[in-house]
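Subject: Structure handover and notes

Dear colleague,

I am passing the structure below on to you, together with an account of what came out of going through it. Please read the notes with the coordinates open beside them.

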Amino acid sequence: MRLPSWLAQHIAALRALLVFTVLLGLAYPLAMVAVGRIPGLSDRAGGSLITVADKTVGSRLIGQSFTDADGNPDPRYFQSRPSAAGDGYDPTSTSASNLGPESIVDTLSDNPDDAAQSLLTQVCARSVAVGKLESVDGRRPYCTADGVGAVLAVFHRDGLAGPVTRAVSVNQTGTPFLATYEGVTVEPARTGEDYRALGAVITPIRGDAPADPVVPADAVTASASGLDPHISPAYAKLQAPRIARERGLSEDRVQELIEDHTDGRALGFLGEPAVNVLELNLALDGN
């Protein structure tokens with residue numbers, strides 16, 4: 001007897017549900033668990049954890065912070081790149097900031113919960129902080145000396161052109177980083193004002209910072225996952241003088257440790273060389 005079409009369709013859908021439940025809900029997960037038990041892969045499947053004196057100190061695959069009791073960077077250790085995962089390096093909240101190159105204007109508010117830094121200001125602030133920690137020039141193009149985005153809201157007489165009639169430092173409510181712009185006194189920003197909506201042209205100011213900043217890019221930008229355990233050799237070398245001074249080691253010895261813990265390009269040509277921060281810091285503790 002031929003079943004009604006609606007019943008046949010429901011039975012076919014039920015069969016598909018059962019088949020895919022077995023394949024994707026049981027067989028596939030079990031297959032992945034089995035693959036994770038293969039010698040050589042089991043360590044990575046378990047998180048590539050590093051244990052010292054029967055204590056787990058971290059993972060080769062997940063970045064972490066190296067701070068003192070007050071939450072400040074510990075000067076005796078190499079510092080990781082910034083993280084946007086949760087409160088930092090949170091594997092349960094892996095993410096980037098979702099901010100792009102157009103993010104140059106801060107959200108200013110008297111309520112801290114409503115205020116938000118632009119990507120430009122985040123980069124500027126991090127660069128200033130790294131510069132102070134490493135005793136180097138932390139300036140970057142389009143950044144103010146105090147570490148915010150050097151951006152003006154410029155009003156022209158004829159809308160988008162003509163003489164400048166007003167200029168506002170949109171990321172500063174205090175003293176502006178420029179006193180005047182094209183003959184017009186620069187004003188501090190007011191919280192809650194949308195200068196774009198008022199007709200201003202948002203104008204980044206280059207400043208006199210070097211075109212090639214001393215502080216490398218990975219020292220001021222978070223990775224896509226927020227969990228990158230590596231830094232560039234350039235950032236590691238920038239930190240070497242501080243590490244040598246704090247540890248009482250020669251800079252040559254610190255440079256040797258950096259080289260010993262630098263991974264080359266995958267397959268010899270993919271990606272860039274990178275330094276695993278946790279492994280390097282553990283090697284420091286062994287000296």
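The notes that follow take up the disulfide, a helix, the nonpolar cores, the strands and a few single residues in turn.

Please keep in mind throughout that this is a predicted model, and that every value below was computed from it.

I begin with the disulfide. A search of the whole structure turns up 1 disulfide, which links Cys124 to Cys143 with an S to S distance of 1.9 Å. The torsion about its S-S bond is about -80°, so the disulfide of Cys124 and Cys143 is left-handed. Cys124 belongs to helix H3 (residues 119–134), whereas Cys143 sits in the loop between H3 and strand S3 (151–156), so the pair ties together parts that are 19 residues apart in sequence. Both Cys124 and Cys143 are buried.

H3 has 16 residues and spans 22 Å from its first C-alpha to its last, which is close to the 22 Å expected at 1.5 Å a residue. The buried residues of H3 include Leu120, Val123, Cys124, Val128 and Val130, and among them are also Gln122 and Glu134. S3 and H4 are included in what covers the buried residues of H3. Just after the helix, Ser135 adopts a positive phi of about 55°.

In soluble globular proteins, nonpolar side chains tend to be buried together. The largest nonpolar core here has 25 residues, and those with the most contacts inside it are Phe78, Val254 and Ile258. At least two residues of this core are supplied by each of H3, helix H4 (233–247), helix H5 (251–260) and H6, and H4 gives the most, with 6 residues. If neighbours within four places in sequence are left aside, Val254 is in contact with Phe78, Ala240, Ile243, Ala244 and Leu249. Apart from this core lies another, of 13 residues, with Leu120, Val151, Val168 and Ala200 among them.

Strands S1 (residues 49–52) and S2 (residues 55–59) pair in the antiparallel sense over 4 bridges, with Thr56 in S2 as the bridge partner of Thr51. The hairpin of S1 and S2 has 2 residues between the strands, and in this hairpin Ala53 takes a positive phi near 50°.

S8 and strand S10 (residues 274–276) pair over 2 bridges in the antiparallel sense, and Asn276 in S10 is the bridge partner of His230.

Finally, a few single residues may be worth a look. Thr185 has its place in strand S6 and, at 55% relative accessibility, counts as exposed. With neighbours within four places in sequence left aside, Thr185 is in contact with Ala167, Ala179 and Thr180.

Most residues other than glycine have a negative phi, and most peptide bonds are trans. Against that background, Tyr89 has a positive phi, near 60°; Tyr89 is placed in the loop between S2 and H3, and at 15% relative accessibility Tyr89 counts as buried. Tyr142 likewise has a positive phi, of about 70°, although it is not a glycine. Tyr142 has its place in the loop between H3 and S3, and at 35% relative accessibility Tyr142 counts as partly exposed.

With kind regards

Definitions and conventions. Residues are numbered from 1 along each chain as its sequence is written. This is a predicted model: local features need pLDDT of at least 70, side-chain atom pairs count only at pLDDT 80 or more; totals for chains, interfaces and linings use all residues. Side-chain values use heavy atoms; hydrogens and water are left out. A disulfide is a pair of cysteine sulfur atoms within 2.5 Å. Buried means under 20% relative accessible area, exposed over 50%, partly exposed in between (1.4 Å probe, protein chains only). Two strands pair if DSSP finds at least two bridges between them. A nonpolar core is a set of buried Ala, Val, Leu, Ile, Met, Phe, Trp, Tyr and Cys residues joined through side-chain atoms within 4.5 Å. Contact means heavy atoms within 4.5 Å. The expected span of a helix is 1.5 Å times one less than its number of residues.
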